[in-house]
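These are my notebook entries on one chain.

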Amino acid sequence: MDDNKFSRRTFVKVSAATAAALTIPAAAKATSGRKQNTKSAPAAQQQDNQTNTIEEMTRRASDPDTVTREYFDSLLLETRYLDSGVPSTGFTLFGHAFDTPIMTAALSHLHNTAPNGMVIYAQAAAACNAVHWVGMGEDKELEDILATGAKTIKIIKPHEHNEEVFRKIEHAVRNGCIAVGMDIDHSFNGRGGYDNVMGLQMKSKSTAEIASFVKAAGVPFIAKGILSVHDAERCLKAGCAGIVVSHHHGMMPYSVAPLMVLPDILKAVGKKMKVFVDCGIVTGMDAYKCLALGADAVSVGRHLMPLLKDGPEAVADRMRQMTAELAGVMSRTGVLSLDRMDPTVIHRRNF
């Protein structure tokens with residue numbers, strides 16, 4: 001693609017409305033509608049306020065979720081009405097046909113959001129014939145999820161002892177998961193040591209270890225948490241059937257937005273594996289931008305979580321709405337099917 005048209009390494013500002021929504025401090029929201037004190041604050045208080053402002057600016061600048069939202073909003077689309085038509089959003093993954101490329105995300109512990117939340121989440125995916133992903137959890141919970149009929153991909157943590165990884169792979173495959181994988185970004189704790197998740201010790205994995213998991217699975221194996229060509233190439237070498245380009249809801253400060261590195265990753269791995277995108281997707285337009293840049297499908301997680309308390313149909317309805325939003329953009333950009341996505345429709349905001 002012409003770099004003058006779409007430079008993925010140039011960071012730009014978002015629209016004024018989006019920027020305003022992202023930058024209103026909590027304190028300002030709390031005081032809105034109240035009479036403001038017009039007296040000048042003491043010098044020490046002014047200095048404290050300035051320090052707090054700098055800290056807030058630094059926090060926002062380092063927040064991958066904020067960067068990801070700004071990057072999404074920096075991408076603009078041209079329209080292509082002539083010779084277009086009503087599009088199809090259907091696609092096939094690992095031999096299974098689905099109605100939408102908008103998938104659930106590999107969430108865990110949704111009982112904290114709604115009673116039986118993990119099963120409700122799976123029921124929603126089954127209702128709209130979407131790929132379902134699931135994160136960590138007990139064996140019985142996975143069995144209950146699979147009983148909904150949702151075609152499910154199980155993501156396993158990088159446990160310290162590989163025996164537990166192999167055991168979970170075997171259990172997932174035996175009970176009917178269409179694919180398994182690992183979120184490799186849960187290896188470290190951010191303080192120079194290995195992570196501990198819910199009392200379970202984690203450890204980083206080598207390319208050779210990933211290859212051993214691929215061999216043991218016998219079904220497609222997917223690595224989640226890829227944010228570089230470095231890791232994508234090693235996943236390809238290990239025999240992974242797919243990767244999820246994701247910063248895991250800001251696992252590391254100052255992480256690049258997934259779409260910033262997606263073109264380079266696709267250039268490195270070609271069509272040799274499936275490439276999915278996660279993080280910050282809240283509309284069909286967001287999904288379209290990922291797909292237009294080359295992703296095979298996208299995952300939506302936190303955006304759907306508040307709907308769990310209203311039951312599976314509420315979640316399924318939102319997924320259908322997002323799919324309709326996606327189809328609407330496809331029709332207006334001359335894309336009749338997912339395999340005809342064209343990245344040249346995208347322009348970067350430079351004003």
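The entries below run from the whole chain to single residues.

**Basis.** I worked from a predicted model, in which local features need pLDDT of at least 70 and side-chain atom pairs count only at pLDDT 80 or more, while totals for chains, interfaces and linings use all residues. Residues are numbered from 1 along each chain as its sequence is written, and side-chain values use heavy atoms, with hydrogens and water left out.

**Whole chain.** I found twelve helices and 14 strands in the chain; helices (H or I, at least four residues) and strands (E, at least two) are DSSP runs, numbered from the N terminus. I noted that 45% of the 351 residues count as buried, buried being under 20% relative accessible area, exposed over 50% and partly exposed in between, with a 1.4 Å probe and protein chains only. The accessible surface is about 17,200 Å², and carbon and sulfur atoms hold 54% of that; the areas come from the Shrake-Rupley method with a 1.4 Å probe. I then looked at contacts (heavy atoms within 4.5 Å). Of those with a separation of 6 or more, 70% join residues 24 or more positions apart.

**H5 and H12.** Two packed helices are described by the angle between their axes and the distance between the axes. For H5 (residues 117-127) and H12 (residues 312-332), I recorded axes that come within 8 Å and cross at roughly 45°. That angle makes H5 oblique to H12, since angles under 35 degrees count as roughly parallel, over 145 as roughly antiparallel, 65 to 115 as roughly perpendicular and the rest as oblique. From H5, Ile 120, Gln 123, Ala 124 and Ala 127 take part; from H12, Pro 312, Glu 313, Val 315, Ala 316 and Arg 320 do. I sorted these residues into six nonpolar, one polar and two charged.

**H6 and H7.** The axes of H6 (residues 139-146) and H7 (residues 162-174) come within 10 Å and cross at roughly 25°. H6 is therefore roughly parallel to H7. I listed Asp 139, Leu 142 and Glu 143 of H6 against Arg 167, Lys 168, His 171 and Ala 172 of H7. By class, this contact holds two nonpolar, one polar and four charged residues.

**Asn 196.** I located Asn 196 in strand E8 (residues 196-197). His 186 lies ten residues from Asn 196 in sequence and 8.6 Å away, C-alpha to C-alpha.

Terms used. Axes are lines fitted to C-alpha atoms, for helices over the stretch in contact, and angles run from 0 to 180 degrees between N-to-C directions. Ala, Val, Leu, Ile, Met, Phe, Trp, Tyr, Cys and Pro count as nonpolar, Asp, Glu, Lys and Arg as charged, and the others, Gly among them, as polar.
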